[in-house]
Amino acid sequence: MGSLSEPNDESNYSKPLGIRFLEYIKGTPLSFKTHQAIVLIVTFLAYASYHATRKTTSIVKSTLDPQSSDFGLKFVPWRASYLQEPPKLSLVSEDGWAPFNGSDGTALLGELDLAFLAVYALGMYFSGHLGDRIDLRIFLTVGMLGTGLFTSLFGVGYWGNIHSFYYFLIVQMLAGLFQSTGWPSVVAVVGNWFGKSKRGLIMGIWNAHTSVGNITGSLVASALLSYGWGWSFVVPGLMIAFLGVVVFLILPVNPESVGAQGEGDEFHPPKKLDEGAAQPLLNSETVAKERAVGFIEAWKIPGVAPFALCLFFAKLVAYTFLYWLPFYISHTAIDGKYLSSTTAGNLSTLFDVGGVLGGILAGHISDRLDARAITAASFMYCAIPALFFYRSYGHISLTINIVLMFITGIFVNGPYALITTAVSADLGTHNSLEGNSRALATVTAIIDGTGSVGAAIGPLLTGYISSTSWSAVFIMLMAAALIAGLLLTRLVIAEVASKLEESRSHGGPASRPAHEV
């Protein structure tokens with residue numbers, strides 16, 4: 001049962017106002033488990049709102065550039081049926097929005113994606129560095145308010161009748177900078193409160209915020225398109241700004257800030273991470289005394305480089321779907337018919353529903369097998385045939401498209417979710433750190449920042465390659481999935497060898513996972 005020690009004046013002063021208000025209403029201090037529940041819920045909603053604002057661009061693309069099918073959808077046939085395409089039906093708008101409605105509209109939209117994700121990836125490295133050194137609650141709040149502001153400013157271009165490409169480019173770059181504060185912050189905060197037991201499953205469920213955010217962003221942006229595409233940016237921008245205020249008022253960054261102490265298995269951070277001892281995500285008792293791990297030093301932690309490079313290609317695939325799936329659906333004949341931008345946006349959410357299941361499955365399987373690399377590589381290899389079948393047969397009927405899209409979401413988002421959560425947390429508390437807990441945000445930023453470089457490249461290449469062939473785009477995605485799996489080969493071999501040795505020992509002590517060797 002969780003308990004709360006009597007807080008001294010200093011800890012009470014550092015408590016968020018919302019926590020102090022709840023304790024005032026309740027009349028007693030909040031339990032440790034209550035604080036954990038608040039952390040999970042608030043960080044879940046916070047990062048879901050980040051992804052909701054990130055998703056809006058993909059929904060609005062078909063409205064900004066409705067005539068792209070004339071330039072961007074000349075298929076290279078994988079099947080004979082692709083040779084006889086039905087005539088293109090009209091979309092929501094025939095005129096689009098300059099400068100995106102010209103012959104180079106698809107490429108310009110791809111350049112916006114690149115600008116956003118390139119700044120996001122670069123900012124991620126600095127955000128992780130800062131996240132291990134300053135108040136994460138303030139840092140996360142500023143990031144969410146900034147994200148809300150610049151997401152809304154993109155939509156203001158609609159009412160301001162702005163047609164300058166550089167306006168949208170600069171706004172997207174600044175939005176990407178503020179977006180980079182999110183992931184290192186929420187992972188580090190959750191890491192302060194939860195131990196290593198069942199980390200893969202817990203974080204697999206918690207990581208559903210990515211897909212929930214994508215789904216919410218898709219539904220909100222699609223529903224508002226008919227009122228003017230500007231609303232599809234402004235409303236999600238206001239949502240994340242509101243949740244940023246909630247984070248500031250109620251998010252407890254770590255147990256010390258609220259005077260919380262766990263009992264039993266809840267939270268007993270050892271002063272040194274001895275082999276076989278329980279390993280919390282962060283050792284909160286020694287935070288003030290520890291030296292934050294440097295950027296180069298974090299790269300040298302065993303397992304960080306291979307998983308970071310794997311995520312480069314995994315996010316290349318995942319973010320190509322994030323930014324281009326609604327556009328692809330609305331410009332692809334399904335059972336001889338083209339869907340509107342709104343319908344395509346709603347339909348694309350099923351990819352994210354599959355992603356929720358994929359993240360939970362990957363986390364649970366990796367916990368049961370105690371093998372993160374084997375699980376991640378297996379999912380990436382399974383994504384290859386899933387991508388092939390979706391491209392080859394998704395046009396036959398709406399039902400087949402939905403089923404194949406759902407399956408593809410499972411295998412594409414599963415390893416992406418696993419690496420960005422449980423694997424990052426494992427490596428951020430690696431035994432080589434000798435108990436130093438101040439590496440989690442830095443390691444998380446390195447892995448996700450490297451992945452975000454791939455996330456920037458994938459949508460950009462898609463903007464150019466799709467002008468020749470969408471089949472070529474899917475070949476690129478399958479190649480990326482293959483490389484992602486191959487990059488984990490050394491860790492997979494080490495995990496298999498570990499399992500064989502464990503099997504031969506007939507019930508001996510379990511070996512450590514390969515990335516902890």
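User: Is Ser348 buried or exposed?
Analyst: Ser348 is buried, since its relative accessible area is 0%. Buried means under 20% relative accessible area, exposed is over 50%, and partly exposed lies in between (1.4 Å probe, protein chains only).

User: What kind of model is this, and how are residues numbered?
Analyst: This is a predicted model, where local features need pLDDT of at least 70, side-chain atom pairs count only at pLDDT 80 or more, and totals for chains, interfaces and linings use all residues. Residues are numbered from 1 along each chain as its sequence is written, and side-chain values use heavy atoms, with hydrogens and water left out.

User: Ok, where is Ser348 found?
Analyst: In the loop between α15 (341-347) and α16. Helices here are DSSP runs (H or I, at least four residues; strands are E, at least two), numbered from the N terminus.

User: And which residues does Ser348 touch?
Analyst: Leaving out residues up to four places away in sequence, Ser348 touches Lys55, Ile59, Ser218, Leu325, Pro326, Ile329 and Met405. Contact means heavy atoms within 4.5 Å. Also, a polar atom of the Ser348 side chain lies 2.7 Å from the backbone oxygen of Gly345.

User: Switching to Ser62. Where's its place?
Analyst: Ser62 is in helix α3 (residues 32-64). With 3% relative accessibility, Ser62 counts as buried.

User: What joins the side chains of Ser62 and Ser330?
Analyst: A polar contact of 2.9 Å. That term covers a pair of N or O atoms within 3.5 Å; within protein, one must be able to donate a hydrogen and the other to accept it, and residues adjacent in sequence count only if both atoms are side-chain atoms.

User: Now helices. How do α10 and α16 cross?
Analyst: The axes of α10 (residues 208-224) and α16 (residues 349-369) come within 8 Å and cross at roughly 165°. That makes α10 roughly antiparallel to α16. Axes are lines fitted to C-alpha atoms, for helices over the stretch in contact, with angles from 0 to 180 degrees between N-to-C directions. Angles over 145 count as roughly antiparallel, under 35 as roughly parallel, 65 to 115 as roughly perpendicular and the rest as oblique.

User: Which residues make the contact?
Analyst: From α10, they include Ala208, Ser211 and Asn214; from α16, Thr349 and Asp352 are among them.

User: What about α6 and α11, how do their axes cross?
Analyst: Axes of α6 (residues 136-159) and α11 (residues 231-250) come within 7 Å, crossing at roughly 165°. So α6 is roughly antiparallel to α11.
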